[in-house]
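Okay, thanks everyone, I'll keep this short. Have a look at the structure on the screen, and then I'll talk you through a sheet and a pair of helices.

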Amino acid sequence: MPILPIFIVMLCATLITPAYASLSLDEAISNAISHDRWIDSNRYQEHAIRSDAIASGQLPDPKVRVALANLPTDSFDFNQENMTQLQLGISQQFSRGDSLEIKQRQLSLMADQKPLERHERRALIKQKVGQLWVLLHQHQAQTQLLKANQSLFQELVAISQAHYRSGNLQRYELLDAELKMTQLHDRLAKLEQLKNQTRHQLLEWLTVPDELDALPTELPEIPILLTPQQLKNEAQVDKVLLKHPLLQQFEQRVEIQQKAVDLADEAYKPSFKVDAGYGYRDDMPNGMDRADFFSMALTFDLPIFPEKRQDATRNAAIGQREAVKEQRFLKARQIKTTFGFELANLAGLEQRLSIYDRGLLRQLKEKRSAALQAYGASTARFNDVSAAALSELEIKLQKIALTHERAATLLRLNYLLAGIDPELQRQSSRPLELK
């Protein structure tokens with residue numbers, strides 16, 4: 001029986017990838033960020049809030065009053081009565097204390113939060129799109145490995161049939177070889193299904209669907225944003241994690257809520273309204289001059305019963321501020337815990353990959369060679385050769401999965417380090433165009 005072809009196929013099974021251009025990881029991330037409508041929407045919101053801030057810091061428009069007072073109804077003569085006047089008045093309302101300035105500052109802080117939201121959005125896109133790209137690359141690599149080894153299974157089935165016809169193989173062994181071929185086809189179909197699902201998930205973010213049909217052969221190395229020495233320094237890691245845009249947003253929210261407290265403090269101060277008026281009178285019928293009138297008034301309120309209004313409003317503002325502080329603490333703890341979890345996961349993956357590279361793959365290759373030699377010497381069964389080949393193929397598939405899981409873990413770690421990501425800091429948005 002032709003044992004040598006099996007040996008050659010098993011030794012030469014390699015990944016086969018198209019040579020035409022495809023979408024790299026960096027290109028996918030850049031495309032997703034540059035075409036993200038959410039970022040444009042967020043920038044419009046920032047512009048709107050800054051405009052509101054300017055408007056909120058201004059005094060209300062003064063009010064002008066024009067009136068004809070005390071006109072006699074018997075003759076409607078303007079100079080008949082002494083009290084008949086043409087009145088012109090103006091009034092201006094003044095807010096309590098520095099409430100306008102505080103409102104303006106509060107809205108400015110809300111606008112300052114928007115760039116942090118966009119930073120976090122870009123970091124999230126980098127993680128999500130990166131993970132989907134890595135997952136699609138994994139499915140592609142595993143598919144190509146199985147297709148490259150498909151001829152091996154076909155050869156195994158052919159040899160099994162020849163052995164069965166010669167009486168050197170039991171029927172159940174032939175059926176086992178055919179079953180493994182069927183399982184290979186099922187696995188390829190499942191990988192094709194997963195590839196199509198992942199591809200459509202990526203299309204939510206990307207505008208280049210044709211370039212997803214084949215990705216580059218090599219999985220790019222994703223460097224972590226901290227050096228090994230920095231990772232060993234817990235205090236330095238904590239300092240970097242606190243720069244995450246999500247936590248920076250909570251810092252902004254605390255300041256915004258503090259302004260709400262300051263605004264509640266201003267409610268204890270009175271508001272003022274100034275009224276000025278001028279009354280014109282015509283001369284008397286005999287020609288005697290009548291003096292015109294000028295009047296001015298100051299109106300203000302006195303918050304002398306604050307328990308039900310001002311005190312309650314201030315207590316509510318303080319409660320909101322303290323609630324945001326607690327949320328910031330919880331989010332910081334969550335980020336730190338997640339970072340530690342992902343770092344431990346990365347160390348475990350690298351340890352397992354090291355075992356694959358230094359021992360496991362070599363041992364499986366030696367086992368497969370030994371099984372081939374024993375089978376050639378008629379001291380081993382055909383099932384031993386088949387099992388050795390399948391074990392080696394399975395481990396290669398697992399190594400592909402581990403390698404891609406390591407890349408996905410690095411993407412998740414770098415998301416948590418988004419506060420120092422130079423690539424995200426260099427990202428520039430398209431100019432904002434108001435319509």
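This is a predicted model: local features need pLDDT of at least 70, side-chain atom pairs count only at pLDDT 80 or more; totals for chains, interfaces and linings use all residues.

We've got 4 strands in an open sheet, ordered 1-2-3-4, and the pairing is antiparallel. Which strands stand at the edges? Those are strand 1, residues 63–69, and strand 4, residues 293–300. Each has a single partner strand, so one side of each has no neighbour in the sheet. Going from one strand to the next, the twist averages 15 degrees.

Let's zoom in on strand 4. Strand 3, which is residues 272–280, pairs with strand 4 in the antiparallel sense over 8 bridges. If you want a pair to click on, take Y278: its bridge partner in strand 4 is F294.

Now the helices. Helix 2 runs over residues 25–34 and helix 4 over 99–148; they pack at about 135 degrees, with the axes 9 Å apart. Angles over 145 would count as roughly antiparallel, and 65 to 115 as roughly perpendicular, so helix 2 and helix 4 come out as oblique to each other. The crossing of the two is right-handed.

And who's touching whom? On the helix 2 side it's L25, A28, I29, A32 and I33, and helix 4 brings R122, I125, K126, V129, G130 and W133. Sorted by class, that helix 2 to helix 4 contact has 8 nonpolar residues, 1 polar and 2 charged.

Okay, that's me done.

Technical notes. Residues are numbered from 1 along each chain as its sequence is written. Side-chain values use heavy atoms; hydrogens and water are left out. Axes are lines fitted to C-alpha atoms, for helices over the stretch in contact, and angles run from 0 to 180 degrees between N-to-C directions. Angles under 35 degrees count as roughly parallel, over 145 as roughly antiparallel, 65 to 115 as roughly perpendicular and the rest as oblique. A crossing is left-handed if the near helix is turned anticlockwise from the far one by less than a right angle, and right-handed if clockwise. Contact means heavy atoms within 4.5 Å. Ala, Val, Leu, Ile, Met, Phe, Trp, Tyr, Cys and Pro count as nonpolar, Asp, Glu, Lys and Arg as charged, and the others, Gly among them, as polar. Two strands pair if DSSP finds at least two bridges between them.
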